Amino acid sequence: MRTFFKSNGLTLVLLLLFACSILGQWFTGWRVATEEAVRHGQSPDSLWAYARGPQFLSSVFENWESEFLQMSAYVILTAILVQKGSSESKNPEAPPRDADLALQANKPGAPHILKRGRFWRELYARSLGTALGALFLISFVIHWTQSARSAAEEALRHGDVPSTLMDYLLDPQLWFESFQNWQSEFLSTAILVVLSIFLRQRESPESKPVAARHDQTGN
């Protein structure tokens, strides 16, 4: 058990923090929704009903959407662009790391998919960015549909005609929810890239060595 934790401690701790955070969001969100319902003389949902409801699901996937957008953009842009002095950037002076994948497929321990032909090599070579981009699109669709469902329920409570799903795609509320998260993700990533030029975190793979020059690029 100790060996397993030592090898997988980062993932386990992050998943534990995720579980605590989403449970906290679920419970506190339910409390807010309950207080709102009581204030309007309505019957509040149970804790389990709230977890399946559009208000909670929309808020969860609204945040996941922005995180996956940030990660996919970061992975793809760092493959193309460079920031001199940043530990988050590749070193433009270094030789290409992934040149001649057909030859590298013969290295001991190389993923077997690299030996299955050029198509599979090219697909696998971009699989991380593709997977993160797909997770962003999935999260956006769930955010959109659940936010539309929540807006429709709100409209019916007030005797208004709810928007269709496609109409809601053009609703400013949906894009306000998205942009308010996207802007913070892009800003925080840009700040990390710049701060890693001048600041250090001892023993972190996200930081340059503590004694590294400021103009050293990459790790």
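**Notebook: surface, fold and pockets**

I looked up the surface first: the protein chain exposes about 15,300 Å², and carbon and sulfur atoms supply 65% of it. I note that the model is predicted. Buried residues account for 27% of the 219 residues in the chain.

I then read the secondary structure and recorded eight helices and zero strands. For overall dimensions, I found that the C-alpha atoms fill a box of roughly 65 × 40 × 40 Å along the principal axes. The radius of gyration is 23 Å, whereas a compact globule of 219 residues would have one near 17 Å. Among contacts with a separation of 6 or more, I noted that 58% join residues 24 or more positions apart.

Two or more lining residues come from each of helix H3 (54–80), helix H4 (101–104), helix H5 (118–125) and helix H6 (127–157). H3 gives the largest share, six residues.

I listed Gln55, Ser150, Glu153, Glu154 and Arg157 as the closest to its centre among its 29 lining residues. Helix H1 (2–39), helix H2 (47–52), H3, H6 and helix H8 (172–198) each give two or more residues to this lining. I recorded its classes as 10 nonpolar, 12 polar and seven charged.

How values were computed
Residues are numbered from 1 along each chain as its sequence is written. This is a predicted model: local features need pLDDT of at least 70, side-chain atom pairs count only at pLDDT 80 or more; totals for chains, interfaces and linings use all residues. Side-chain values use heavy atoms; hydrogens and water are left out. Helices (H or I, at least four residues) and strands (E, at least two) are DSSP runs, numbered from the N terminus. On a 1 Å grid over the protein atoms alone, a cavity is a set of points where a 1.4 Å probe fits but cannot get out, and a pocket is an open set with protein on both sides within 12 Å along at least five of seven lines; lining residues have an atom within 4 Å of a point. Ala, Val, Leu, Ile, Met, Phe, Trp, Tyr, Cys and Pro count as nonpolar, Asp, Glu, Lys and Arg as charged, and the others, Gly among them, as polar. The radius of gyration is taken over C-alpha atoms; the globule rule is 2.2 Å times the number of residues to the power 0.38. Buried means under 20% relative accessible area, exposed over 50%, partly exposed in between (1.4 Å probe, protein chains only). Contact means heavy atoms within 4.5 Å. Accessible areas come from the Shrake-Rupley method with a 1.4 Å probe; for residues, only the protein chains shown count as cover.
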